[in-house]
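Below are some notes for a colleague who has the coordinates open and wishes to check a few places one by one. The points go from the whole chain to single residues.

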Amino acid sequence: MQTNKDPQQGQSATPIALTLGARATSYLGPTLQIKGEITGNEDLKLDSRVEGLVSIGGFRLTVGPNAHLTADIVAREAMISGEVIGDISACDRIEIMKSASIIGDLNTCKITIEEGAYFKGGVEVASQNARVGTDLDSLLRGANKAEGK
């Protein structure tokens, strides 16, 4: 609560991350349930239940330990600590933490899987020159060209 006795409070309400030029990360918490498509152009941390598509193009997706995703993921980086049922495409890297459970195919340039993580699916590690599209449509068009469709 702001009072007249504290005129500085309004100025200090600006988050430090924004004043230092750091990228802000959006967050969807554990009580949220989302059905549909999440798209955007910023870093995102999910601790919620999601059914559909998560596409954040050239940014980092963090799937927290409380998250349960039944979704395909397209991002620059994907850090997975929760549960994902779906394919993950991350042009830079995928990190799978020991608390993660993944059922689906992975496509990336770099991958780390910690001991204790559960993973069932295929892995394609491409060269650094391969770029994932900013959305699922671009990714699927690239996959269809590669298969000769």
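1. Overall make-up. In this predicted model, the secondary structure of the protein amounts to 3 helices and 13 strands. Of the 149 residues in the protein, 33% are buried, and the accessible surface comes to about 9000 Å², with 49% of that area belonging to carbon and sulfur atoms.

2. Contact range. When the contacts in the protein with a separation of 6 or more are considered, residues 24 or more positions apart account for 7% of them. The residues discussed in the following points can be read against that background.

3. Thr108, placement. Thr108 sits in strand E10, which covers residues 106-108, and its relative accessibility is 1%. Because buried means under 20% relative accessible area, Thr108 counts as buried at that value.

4. Thr108, surroundings. Not counting residues up to four places away in sequence, Thr108 touches Ala90, Cys91, Asp92, Arg93 and Ile94, and also Glu124, Val125 and Ala126.

5. Arg60, placement. Arg60 belongs to strand E5 (residues 60-63) and, with a relative accessibility of 32%, counts as partly exposed. The class follows because partly exposed residues are those between the buried limit of 20% and the exposed limit of 50%.

6. Arg60, surroundings. Once its neighbours within four places in sequence are left aside, Arg60 is in contact with Asp43, Leu44, Arg76, Glu77, Met79 and Arg93. For Asp43, the C-alpha to C-alpha distance from Arg60 is 4.8 Å, although the two residues are 17 apart in sequence. For Glu77, a polar contact of 2.7 Å links its side chain with that of Arg60. Arg93, which is in contact with Arg60, is also among the residues that Thr108 touches.

7. Tyr118 and the surface patch. Which residues form a nonpolar patch on the surface? They are Ile85, Ile103 and Tyr118, and together they have about 250 Å² of accessible area. Tyr118 lies in strand E12, made up of residues 118-120, and at 42% relative accessibility Tyr118 counts as partly exposed.

Methods: Residues are numbered from 1 along each chain as its sequence is written. This is a predicted model: local features need pLDDT of at least 70, side-chain atom pairs count only at pLDDT 80 or more; totals for chains, interfaces and linings use all residues. Side-chain values use heavy atoms; hydrogens and water are left out. Patches are made of residues with over 30% relative accessible area and no salt bridge: like charges are joined within 9 Å, nonpolar side chains (Val, Leu, Ile, Met, Phe, Trp, Tyr) within 5 Å. Accessible areas come from the Shrake-Rupley method with a 1.4 Å probe; for residues, only the protein chains shown count as cover. A salt bridge is a side-chain nitrogen of Lys or Arg within 4 Å of a carboxyl oxygen of Asp or Glu. Helices (H or I, at least four residues) and strands (E, at least two) are DSSP runs, numbered from the N terminus. Buried means under 20% relative accessible area, exposed over 50%, partly exposed in between (1.4 Å probe, protein chains only). Contact means heavy atoms within 4.5 Å. A polar contact is a pair of N or O atoms within 3.5 Å; within protein, one must be able to donate a hydrogen and the other to accept it, and residues adjacent in sequence count only if both atoms are side-chain atoms.
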